[in-house]
Amino acid sequence: MTADPDNGWLAAAARLAARGVPLSRPNPAVGALIVKDGRVIARGWTQPGGRPHAEAAALAAASAAAHGATLYVSLEPCAHHSDRGPACADLVAASGLARVVIGCGDPDPRTAAQGIARIAGAGIAVDLVKSAECAASLAGYLTRQRLGRPHVTVKLALSEDGRLTPPPGESQWLTGPVARAHTHAWRARMDAILVGRGTLAADDPQLDVRLPGIADRSPARWLLTRGDAPTGWQALHDPREISGMDGVQQLMVEGGGGAARAFLAAGLVDRLLLYRAPRTVGGLGPALPELTREALAASSHWHRTDSRPLGNDTLDVYEHS
């Protein structure tokens, strides 16, 4: 655990929440830890379909041992009742916990600050700690609540000079198998994945998750098109219409330069996943020179949050400023 135990436990709760992504939809994926005498006595995360919530699962696992313990939860416990179960704030208030530490307030008006107030009203100490890890784990939910649209990730494979395809006659892949497997792991975090009409025609992509044990997390397939989508796909006619993608919190735009350009031009991209191959293609094929390392380093709109080798390739992750 870090020198700041609260932030350390909250970061652990955020990592635990990943077990619920994206199967918890339409609810956010939340993680909860119950800690007593410096050790975890129970844990929970949002289950498939959204219930039970993380706090309910953790409290059920802890049972009477929760008395006098501390609950670390990545999102403020809900304050609204539903026909699927009681409000988590009420469960927490009746639990006998000594303290609750929350990593992110809930912007949903049905809960915002009310969950905290209800728990505090039961005599339980409550601390709201603005955890960067918790906010990052809830990016899709928070973007949907605050902006009314999904959180958008653009994924592209690029050469060092910003080209999107290998030279004619070479393999269809710019990047190697390690980078491609990593893409599947990112797909498994998404509610939906989108390509353009050109990518559909050229590649007939399946856009599924082909990693053992998580094939059930394959996202819904969307097509950016002026016309209708084929069977098994849903149509999006304009990037500015993404607020109509019901239930989608995390959207990955994966196919081709045209779709990426459209979302970038509309100012709707929150994250870039750029898989870079160690090769220069030259003046052939489509390009996005604005996404070279040099161009992004000079931009005030993007900051790099991760860079790691993947086989012979490199992944660079950028977040919008």
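Which residues of α1 are buried? They are D6, G8, W9, L10, A11, A12, A13, A14, L16 and A17, where buried means under 20% relative accessible area, exposed over 50% and partly exposed in between (1.4 Å probe, protein chains only).

## Ground rules

This is a predicted model, where local features need pLDDT of at least 70 and side-chain atom pairs count only at pLDDT 80 or more, while totals for chains, interfaces and linings use all residues. Residues are numbered from 1 along each chain as its sequence is written, and side-chain values use heavy atoms, with hydrogens and water left out.

## Helix α1

Let's start with the helix from that opening question. Helices (H or I, at least four residues) and strands (E, at least two) are DSSP runs, numbered from the N terminus. With 10 of its 13 residues buried, α1 is largely enclosed by the rest of the structure. Its buried residues pack against β1 (31-36), β2 (39-45), β3 (70-73), β4 (99-102) and α5 (132-137).

D6 sits in α1, which covers residues 5-17, and counts as buried because its relative accessibility is 16%. Leaving aside neighbours within four places in sequence, D6 is in contact (heavy atoms within 4.5 Å) with Y72, R99 and V101.

## Two nonpolar cores

A nonpolar core here is a set of buried Ala, Val, Leu, Ile, Met, Phe, Trp, Tyr and Cys residues joined through side-chain atoms within 4.5 Å. The largest one has 27 residues, and L156, L194, L251, F263 and L272 touch the most other members. Elements giving it two or more residues are β6 (151-158), β7 (192-196), β8 (220-224), β10 (250-255), α9 (256-265) and β11 (271-276). The largest share, 4 residues, comes from β6.

There's also a second, separate core of 24 residues, including L59, L71, A89 and I119.

## The largest pocket

On a 1 Å grid over the protein atoms alone, a pocket is an open set of points where a 1.4 Å probe fits, with protein on both sides within 12 Å along at least five of seven lines; lining residues have an atom within 4 Å of a point. The largest pocket has a volume of about 1,200 Å³, taken as the space filled by probe spheres set on the points, which are joined across faces, edges and corners.

Its lining runs to 44 residues, with A136, S137, A139, Q250 and R271 nearest the centre. Elements that each supply at least two lining residues include α1, α5, α7 (177-187), β12 (302-310) and β13 (313-320). The most, 7 residues, comes from α6.

T305 is in strand β12 and, at 42% relative accessibility, counts as partly exposed. Sequence neighbours up to four places away aside, T305 touches V317, Y318 and E319. T305 and R271 are 34 residues apart in sequence and 9.8 Å apart in space, C-alpha to C-alpha.

Over in strand β13 is D316, which counts as buried at 0% relative accessibility. The D316 side chain makes a polar contact with the side chain of R293 at 2.9 Å. A polar contact is a pair of N or O atoms within 3.5 Å; within protein, one must be able to donate a hydrogen and the other to accept it, and residues adjacent in sequence count only if both atoms are side-chain atoms.
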